Amino acid sequence: MKIDKRIRVIVYFPLFVGMLSLAHNLYPVSLLFLALLAISTYFDLVLEKNISGTALTVIGILGAILSILFIVRMPFEAIAYLIMFLSIIKMLGHKSMRDLKQIIALSFFNFLNSAIFHYSFVFIIYLIFYILTATLALLVITYIEERKENTLKPEIAKNLSLFGVRFGIITIILSLFFFVILPRSPYVLMRTQIYSTSVREGFDNELEIGEVEDMNARAQILLRIKPEMKAKEDILYVRGIVYNKYEGNTWVREPEDIGGWKLSEEGRTHRNLKPYTISMEPMRTKVFYAPNYPENIDVRRVALSPSWGKIFMLKDPLTLRKMQYKAFSSPDPDTEINAAVDYMSIPEELVPSIDVITTALNLKALSPPEIAAELRAYFYRNYSYSIDASPDSNWLITFLQKKQGHCEYFATLTAMILRNFGVPSRIVAGFLTDEWNNFGEYFTVRTKHAHTWVEYYYEGKWVSIDPTPPRAKGQQFLANLQAYVDYLSYLWTTRVLEFSFTEQIRIFSNIRNFFRNLTVKDLVTIVTYAIILLGLVATGILIKRKISKREHIATRYFRNFQKAIKRQGIKVDPGTTTYEISQIVNSEEAKEFLQEYLQCRFSNNCNIDKLKRKFLAFKKSIS
Amino acid sequence: MSKVRPFVSRVKLKKWGRYYAVLTLLLGFAAVSSGNNLLYFFLGALLSIMALSGFASYLSLKNLRMTIIPPEELYARNLNFVKVKVTNRGPFPVFLIYVKKSEEEKTLFDIIPAKGEREGLLPYYFDKRGYVSVDSAFIGTSFPFSFTIREMFYPLNVKVLVFPHIFKISAFERANFAKNSGHGTDSKKEGSTGDFMGLREYTNGDSVSRIYWKKISEKSLFVKRFYDEDFQELTLEIPSDASEKEIEQVASIAVSLLAEGHSVGLAIDGRVTLTPGSGIKQKVNILKKLALLGYED
C-alpha cells in the first residue's frame, strides 16, 4: 500500500529540520549530504521512483563500514555523517508505514546528534521547528495507522494540524520548565568537544607582523565582557599575551612560561580589583583574556597558570567550547620584572629606521615617559591608522614612507626606540574595544578589535602606552538591531549553555527567599495582578464564545426582512412562525424569501446568493 | 461480584512507547554525563511530549459521554451491532476514539468534534439468551502518538433481552422438525398458484395479468384471487425444559418460516402460548418467549 504523497511530505519535514540542524555546524562537508537529500527527495516525490530494499541495505552497510574507519579519529562527526547517510538511503527506498516510522526515528537521531555540535542560539529555532514538524508527523502516522488508511481527509488534516500546533507550542513552553528543573550534576563524566568550522583563533606564542591586521579585517565576536561594577569605562583594553622578543618580522614570547607571580588569594578580596564576567566564544587560544591587569581568573574545569607579563596561560592551545569565566582585574600596572626574560634586544635590521625617528625627534635628552609621550604625539600628528598596509619584510620602510600603518607597526617601533634608549619594553597583544551593548550592559570584543600596545619598565612598574593613532569610526548599519541580536546570543550563552547545578541552586533559593520574604504588600500586588489576568482571560473566553455563537448569515437576512415589514406597518410578535408571517405579509416575494431562508438556515444546502436575490426581490416589491 | 467504579483509567505502553521511553532514558544519561545543556533542552522536549501526550489522551476521554442504543433484535452467539453514540463535551475535537467490549468487539471514531457527537456500530456478542445486563464498555484511544493506549472503564448498566442463537436451517431440517415436534394445519392463505378464491378490488402492486376484465365498474378494477398452495400455518411445539439446542432450533425454524411468509405459532408443553401469526411482531413475540423459556416461573 503506497502512502499518499502529502502524508510522506509531512513525515519528511522533521527529517529535513533534523538534518539541517546537524548540517549547520558540519559545513561544508554537510552540503554534500544536503544535496543528496534534495536529490533523493526529488526521486521520491516528483519522479515517484524508489530503489530496491536489498540494494539500499548493501549501500547502508558499506556506509557504516566506511564510517567505522573514521570513528576513532573523529567519533562524533563519523556518527553524524553516518546518520545523515542512512537518512538519505532511507529516502531512496520504498515507503511503507514502517519506513515512515523509521524516517521519524532517523530525524530524531539527526536532531539529537546536532545538539552535540551546536552552540549558537539558532539551535532553539531548529528545536522549535523540529518539535512542531515532528509532532505533526507523529500525529499523522498515528492516525493513518489506526485507521488503516493511506490518505488523509482535508477535515482531519486541518484538525490534526491545529492540534499539532497547539501541542507543539505547549511542548516548547513545558520544555523550558523541564530544562530548569532537570537535575544537573556538578561532576561531569564526559565533556563533548566542540566541532565547528567557525572556531575563532586567539593569540598564540608568536605574533607575526600583519597577523593582527588580518584579524581586524573580520568582525567575529570573540568575547563579551560584563563589568560587575557600576562605574563603566568608555574603552576597554583586554589583555591577551605579552611578547618580548622580535625576530624575522615576528614577536615571540620567550621564555614561554615562567611563573612571574602567583595566583593570590588576597587578589580575590582586594578592594581595588574590578570583577568582570567574561563570556568567550569557541576559541583556539593559548591564553585567557581579561581587562587591564588581571590578578585572578575564576574558571571551571580548565587548568590555568599565571605567567610573566600578568597573563594567564594554558599549557597547550585548547579548542574551547563556549564558556564563561570571571576575571578580577587591577588598575595598577605589573611590577614584576623577570631576569630570565629579555626585554632589551633590538634586531639589526631595525636600527636604521629607529635612528631616523630618534634623530628627527631629538629624544636623547628625554626621560622614558617623555620619550613615550613624544613618540605618541609624533605618531598622532604625522601618521594615520590603516589596515591596508600589506606587510612584507620591509614593512618598516614602507611604514615610514607612507606614514600610515597598523597598530603592530606603531607598537613595534615604539618598543624598539624605547629599548634603544635602554628602557625595557614589551608588546602586549589583546583587544581594544569601545563597543558597548546597552541591552546586556557589556563590552563586545570582536576580531576587528585586536590590538597591540607597548609596556615599558620605569620606576618599578610596567607603564602602558598606546602609540597607535585612533582609527576612524565607521557607521554600523542597523547597529541597535545588531546589538540586540548579539544580546540574545549572550543570553543564550550565559543562561542556557552555561546553566549549571550552581545556577539551579541559585534559582531555587531565590524562589524560596521570595516566598519567605513575601510581605502583605507583595501579596496584595500579586493578587491584584492575578485578578487582572483572570479578568483578561475571562474576557477573552467571552469574546471567543460570542464570536463562535455569531448568528447565521440567513438569520441576518431574516432580521432585515422583519425590519422591512415593520417599516410597512406589519407587526410580528416574537414566536410567530415563518408560515404565519408569510400568511400575514401575503406576498409571493415574501413567501419565496421565507422558503429560501428556512432552506438556508436549517439544512446543509444553503445558497447565500439565492437568499440575497430573494431578499432584494422582496424589498423591491415593497418599495 | 466486583464493585463497578466509573472511569477507572488504565494505560498500556505500546511498542513505540517503549522505544520512546528507552531513548528518553538514554538521552537523560547522556545529558547528565556530558553536562551538555542542549541535550538537556532536547530531553526537556521529549519529557514534555511524553507528559502532554498522556494528558491529551486523558483529556480526550474525560470529556466523552457514551450512550448505547441496542437494536430491537439481539441474538445470542450471533454478531449483533449495537449503536453507540459518543458525545464530546470538551472544547476541542478528539481523535481516534474507540469503544470496545473486547478486542474483537470494537468500533473506532476518527474524530468527534468539539461539543459534537458521533454514532457508530459496535459489534457485540452475547453468550446466552434471556435478559442480559450490558454492564460496561471500554472507551479508549491511542491518540496522540500511539505510545500508549489509555482506556477508561465506562459503566452502562443497560439491560437487554437477548434472543436465542439462530442459525441457517435447511428445508429438510425444517420438514423433519415439523414432522417430529410440530404440526401443520389445512388453513390456507391467498397466493398465486392454487384454486380460484374470488374477486377483490385492485390495489397498487397487483399484477395486470390478474385483473378481471369482465367486471369493470366506473370507479374500480377487480382482480382474481387464488389460494396459496405453498402456504403453511404451523404451531411449533417445545417443552418448557427443552435443551438450549432445541430452543435454538425452534427459534431458527420460526424465523425461517416467518421470513418466508408462513404463519407460525408457539406451544409450550402442549399449551398454545402464541396462536399462529406472521410478521415481525409475531417473530419478536416468539423469540421473546423462547428467550425467556426456562427463566420464567
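**Exercise 1. How many residue pairs are in polar contact between chain A and chain B, and which helices of chain A supply the side that touches chain B?**

Step 1. Count the pairs: 12 residue pairs, both partners at pLDDT 80 or more, are in polar contact between chain A and chain B. (A polar contact is a pair of N or O atoms within 3.5 Å; within protein, one must be able to donate a hydrogen and the other to accept it, and residues adjacent in sequence count only if both atoms are side-chain atoms.)

Step 2. H5 (97-117), H6 (122-147), H7 (154-181) and H14 (479-497) of chain A each give at least two residues to the side touching chain B. H7(A) has the largest share, 14 residues.

Step 3. Keep in mind that this is a predicted model, where local features need pLDDT of at least 70, side-chain atom pairs count only at pLDDT 80 or more, and totals for chains, interfaces and linings use all residues. Residues are numbered from 1 along each chain as its sequence is written, chains are lettered from A in the order written, and side-chain values use heavy atoms, with hydrogens and water left out.

**Exercise 2. What is the area buried between chain A and chain B?**

Step 1. Buried area is the accessible area (1.4 Å probe) that two parts lose on being put together, summed over both. Here that comes to about 4,100 Å², with carbon and sulfur atoms giving 75%.

Step 2. Check for salt bridges (a side-chain nitrogen of Lys or Arg within 4 Å of a carboxyl oxygen of Asp or Glu). The rule finds 2 across this interface; one of them joins Asp110(B) to Lys153(A), with the closest N and O atoms 3.1 Å apart.

**Exercise 3. Is His165(B) buried or exposed?**

Step 1. Apply the cut-offs (buried under 20% relative accessible area, exposed over 50%, partly exposed in between; 1.4 Å probe, protein chains only). His165(B) has 14%, so this residue is buried.

Step 2. Go through the partners. The side chain of His165(B) reaches the backbone oxygen of Ala76(B) at 3.1 Å, and makes a polar contact with the side chain of Asn78(B) at 2.4 Å.

How values were computed
Helix = DSSP H or I, 4+ residues; strand = E, 2+ residues; numbered from the N terminus.
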